[in-house]
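Subject: The model we talked about

Dear colleague,

Please keep it open beside you while you read.

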Amino acid sequence: MQLILEIAFTHIAGRGRQTLVAIIGVAVGVGFSIAMAALMEGGQDDFVEQLVNTMPHVEVTDEERSARRQPAEAIFAVTEISGLRPREDRRGIINPTAALAWLGGWVPGRFAPSLNAQGVVRFSGREVGAAIVGIDPQSERGVSPIVGEFVAGDFAALTAGGNNIVIGDTMAERLGAELGDTVTAVSSQGLTRNFRIVGLFHTGTTARDEGEAYVLLKNAQILAERPNAVNKIRIKLDDPNQAPAVARRVEAELGYKAEAWQEANEALLEALVVRNVIMYTVVAAIMLVAGFGIFNIISTITHEKARDIAIMKSLGFAEGDMRRLFLLEGVVIGLGGSAFGWALGFGLVYALSLVRFELAATGQEMTRLPIAWSLLHYLIASGFALASAAVAGYLPARRAARQNPVDIIRGAT
Amino acid sequence: MSALIEAENLTRVLHETVPVTLVMDVSLTIGENEFIAVTGPSGSGKSSLLYLLGLLDRPTSGTLRVGGRDAEPMGEGERAGMRLSMLGFVFQFHFLLPEFSARENVEIPMRKLGRLSRPKMRARAAEILESLGLEGHIDKRPDQLSGGQRQRVAVARALANDPPLILADEPTGSLDTKSSEQVFRILEAVVRERGKTVVAVTHDLDLAARMDRRIHLVDGKIEADESLASAEKH
């Protein structure tokens, strides 16, 4: 075996240029597979992250899944009630303090109550329809998508209390208002109240930047004429994948509709599955092409060695020796190529991670390519390359070893 | 004198679209310390017979005994083992492994056999090469040697494991007259001085006339198997 190993290394070292070409071929295949996998998976992760980060993982609202049953329906088997008009419902989560305390006992994550009310924000004669969200700044920090996205002012300014409001920069633009201006909020109940703008945020989600205004919970309750009411609890979990389970438990206990992000974005997740399929297809195709390249180079080298195989057989080497020899050569080239391929792949991924570009649509967002760094990419790419190299060394060697050496010797003379 | 090779009714047919008979009903015995020329026109089956005797090819029918052992039931590995220890080949082209030096080319069969220690192998390889007039070229690679030198390395390689039988297929066929004479002298010395048997296929009748025994083939059959006068010289 040591002799076979030595012959393999001499073969490889003795053909400098050919070996170099083969190793570069493997390296390019491995490197580009790694880079493409990193890019594809990075894009995927980025997409999910954008989706998951901008929304609460579980949203408990004061709605119920089905209409409330009439007591008569529960008692009598056959009941028909017609012309019924439901009692005017004071919407809101009943006893929010108890509900929040109960959530605090077990939910693995953070949550915040809020009161969402429809209204209009008015400034110097201009009006913009807005969702006025009453929040508790302390707990809001844990769940809010806007906290880190301020372009002017600060989220902390809300905490100070008083009649302060933060709005999106697009809304401010449409109103013609700036930081420090006083705007008027009008609720659907017809109440008005003046607020000073203490912060402008830009999340990149147009609906949010243009249509949401955040005030203190108390102020929203006054505007909506619903003292102490809360109509939404947003939960951010440590692990977003637990959302459906948490939602089910909350819904069972509180009786209100609790929607996990997966449920709210079913269509998007379906699109994600399609994206996944596309991603794996593309990565597999790249690997396959790289694999064929590797196979091609190594099997060419092995074919060129058919004469040596015949000679060595005439010297007294057995077929098995020849198969082992060329399998070994394929594996050594595969290993060498993989090592360079890792370096190349790492370099490519690093270079890609440095690329920044402006999003033309808004002209102000700098984005970098989303990159997933994963050892798995390296292992899969080199595993694939090694397998192709081994097969590429083995198959032609097996054929040449089986062939009668006489045919090859005759062919050469 | 015991027989190295005993062949009875050896026939080799190539099964192409039209079956081609390469060797037809050949029976012969080859003993120790013989110097045999196999002659005949092109396509008369000289090389095919040599490959059959050398266990590189299998006969279609007939029996073959090499070193007293029946070759028929031998497996691939066993035949390889016989080639390694019993036989040495020299072809028309040197067929050296191009990445290895002359000495390494001679060492490879020894290392495959593994009977000697590494230092002894090195010493033996150098000794054989020097005895064939290659001192000073031992560590050169084949592409740094002349045609005659390469062929002498090939002979040295055939002698590496000290086999009793050397099979040569047109050993001087691609050499100029001077190198050809040199290689012939070496083969002759292998018989006279080392006591081996050399079977050489050749179409050079002058060279054949200087050997001890001539087997003449026509259309795959032995037409003449005669001892030559030169044999009496020794």
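Predicted model: local features only at pLDDT ≥ 70, side-chain atom pairs only at ≥ 80, totals over all residues.

Residues are numbered from 1 along each chain as its sequence is written, chains are lettered from A and ligands numbered from 1 in the order in which they are written, and side-chain values use heavy atoms, with hydrogens and water left out.

Chain A

The secondary structure of chain A comes to 16 helices and 12 strands; helices (H or I, at least four residues) and strands (E, at least two) are DSSP runs, numbered from the N terminus. For 413 residues a compact globule would have a radius of gyration near 22 Å, but chain A has 34 Å, and this radius is taken over C-alpha atoms, with the globule rule being 2.2 Å times the number of residues to the power 0.38. Along the principal axes, the C-alpha atoms of chain A fill a box of roughly 105 × 60 × 35 Å. Of its 413 residues, 45% count as buried, and chain A exposes about 20800 Å², 57% of which is supplied by carbon and sulfur atoms; accessible areas come from the Shrake-Rupley method with a 1.4 Å probe, and for residues only the protein chains shown count as cover.

Strands of a sheet pair through backbone hydrogen bonds, either parallel or antiparallel. β2(A) pairs with strand β3 (residues 126–135) of chain A in the antiparallel sense over 10 bridges, and the bridge partner of A:V120 in β3(A) is A:G129. Strand β9 (residues 232–237) of chain A is joined to β2(A) by six bridges, again antiparallel, with A:G109 opposite A:L237. Four bridges join β2(A) to strand β6 (residues 182–187) of chain A, which also run antiparallel, and there A:R122 stands opposite A:T184.

This brings us back to A:S124, which lies in the loop between β2 and β3 of chain A. These two strands form a hairpin with two residues between them, and A:S124 has a positive phi of about 40° although it is not a glycine. Most residues other than glycine have a negative phi, and most peptide bonds are trans.

Chain B

Chain B has eight helices and 10 strands. With 234 residues, a compact globule would have a radius of gyration near 17 Å, and chain B has 17 Å, which agrees. The C-alpha trace of chain B spans about 50 × 40 × 40 Å along its principal axes, and buried residues make up 55% of the 234 residues.

Four strands of chain B form an open sheet in the order β2-β1-β4-β5, with antiparallel pairing. Its edge strands are β2 (20–31) and β5 (69–70) of chain B, each of which pairs on one side only. Eight bridges join strand β1 (residues 3–14) of chain B to β2(B), and the bridge partner of B:A7 in β2(B) is B:L28. B:N9, in strand β1 of chain B, is a residue other than glycine with a positive phi near 50°, and B:N9 is partly exposed, with a relative accessible area of 38%.

Strands β9 (residues 213–218) and β10 (residues 221–227) of chain B are joined by six antiparallel bridges, and B:I215 stands opposite B:D225. The two strands form a hairpin with two residues between them, where B:D219 in the turn has a positive phi of about 50°.

Finally, B:N33 lies in the loop between β2 and β3 (35–39) of chain B and is partly exposed, with a relative accessible area of 42%. Leaving out residues up to four places away in sequence, B:N33 touches B:V191, B:G195, B:K196 and B:T197, where contact means heavy atoms within 4.5 Å.

How values were computed: Buried < 20%, exposed > 50% of the residue type's maximum accessible area, 1.4 Å probe, protein only. Pairing = 2+ DSSP bridges.
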